[in-house]
Amino acid sequence: MANKLKKCRNCKEFTPVSDGCQHPIGYFCSQDCVMKFVIGKNEAKFKKEQTKLRKERVASHKAAKDAVTTRAEWLAKLQTKFNAYIRQRDIHDGCISCDKPATWHGQWHASHYYPRSTASAIRFNTWNVHKSCSVCNSHLSGNIGEYTPRIIDKIGQQRFDCLFENKTNLRTYDIDEIRRGIKLVNRAMKRLKKKQNRLQ
């Protein structure tokens, strides 16, 4: 028995059983290792409990914040994320409405061919929205004269006709729809960036 070796649960070293300490929680080579193991376990348990409490506080704060967020605020959040997705999708493209290349150092926008105000049913349709320079989008109201042939060339006549057929359709989005939309855009953005990183 004196020559039998056993691994200490704390330091993982093998020592003779006769020299160590057998406890209900396992074998240890010394009392020091027993104390270190117990202290480590307590610290790990404390950290786990603190992490759980932090997550609960964050979740509670988010739920409280979500409860007072208006539909308009949710819609604005979705629009911001959607626009960011469009700019990322078209990151290697120039302006849809002029000849500015992707290397232009100005501000890029997500330009709706049919405006959100009059075509709410297709405000989140990716065929209807493309990367544009701030000059065309903000100062030239989309520069539609140049936008039109370029969008047809990009998405095809059939899709353009589909947009045309729905350009006067209005739609109201409730909060649940908007929140689902935010999740969908977030997932789409992750997939897009992952795909783009693979192609680099």
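Start by selecting helix H1 (31-68) and colouring Cys-33, Val-34, Phe-37 and Asp-66, which are buried in H1. Buried here means under 20% relative accessible area, exposed over 50%, and partly exposed in between (1.4 Å probe, protein chains only). Helices (H or I, at least four residues) and strands (E, at least two) are DSSP runs numbered from the N terminus.

Before going on, note that this is a predicted model: local features need pLDDT of at least 70, side-chain atom pairs count only at pLDDT 80 or more, and totals for chains, interfaces and linings use all residues. Residues are numbered from 1 along each chain as its sequence is written, and side-chain values use heavy atoms, with hydrogens and water left out.

Now show what sits over those H1 residues: the cover includes strand S3 (21-23), strand S4 (26-28), H2 and H6. Contact, for this tour, means heavy atoms within 4.5 Å. The expected span is 1.5 Å times one less than the number of residues.

Next, select helix H2 (71-89). Its end C-alpha atoms are 27 Å apart, which agrees with the 27 Å that 19 residues should span. Which residues of H2 are buried? Colour Trp-74, Leu-75, Leu-78, Gln-79, Phe-82, Asn-83, Tyr-85, Ile-86 and Gln-88. They pack against H1, strand S5 (108-112), strand S6 (129-133) and H6.

Click on Ile-178: leaving aside neighbours within four places in sequence, it is in contact with Arg-71, Trp-74, Leu-75, Leu-78 and Tyr-173.

Time for the pockets. A pocket is an open set of points on a 1 Å grid over the protein atoms alone, where a 1.4 Å probe fits, with protein on both sides within 12 Å along at least five of seven lines; lining residues have an atom within 4 Å of a point. Grid points are joined across faces, edges and corners, and a volume is the space filled by probe spheres set on the points.

The largest pocket holds about 300 Å³ of space. Of its 14 lining residues, Leu-78, Phe-124, Gly-181, Leu-184 and Val-185 are the closest to its centre. H6 (175-199) and H2 each supply at least two of the lining residues, and H6 gives the largest share, 7 residues.

The second largest pocket has about 220 Å³ of space. Select Lys-62, Lys-65, Asp-66, Thr-69, Glu-73, Trp-74, Lys-77, Arg-179, Ile-182 and Lys-183 to see its lining.

Last stop: zoom to the loop between helix H3 (134-139) and helix H4 (144-155), where Ser-141 is found. Ser-141 has a positive phi of about 50° although it is not a glycine, and it is exposed, with a relative accessible area of 62%. Asn-143 lies in the loop between H3 and H4, and Asn-143 also has a positive phi of about 50° without being a glycine.
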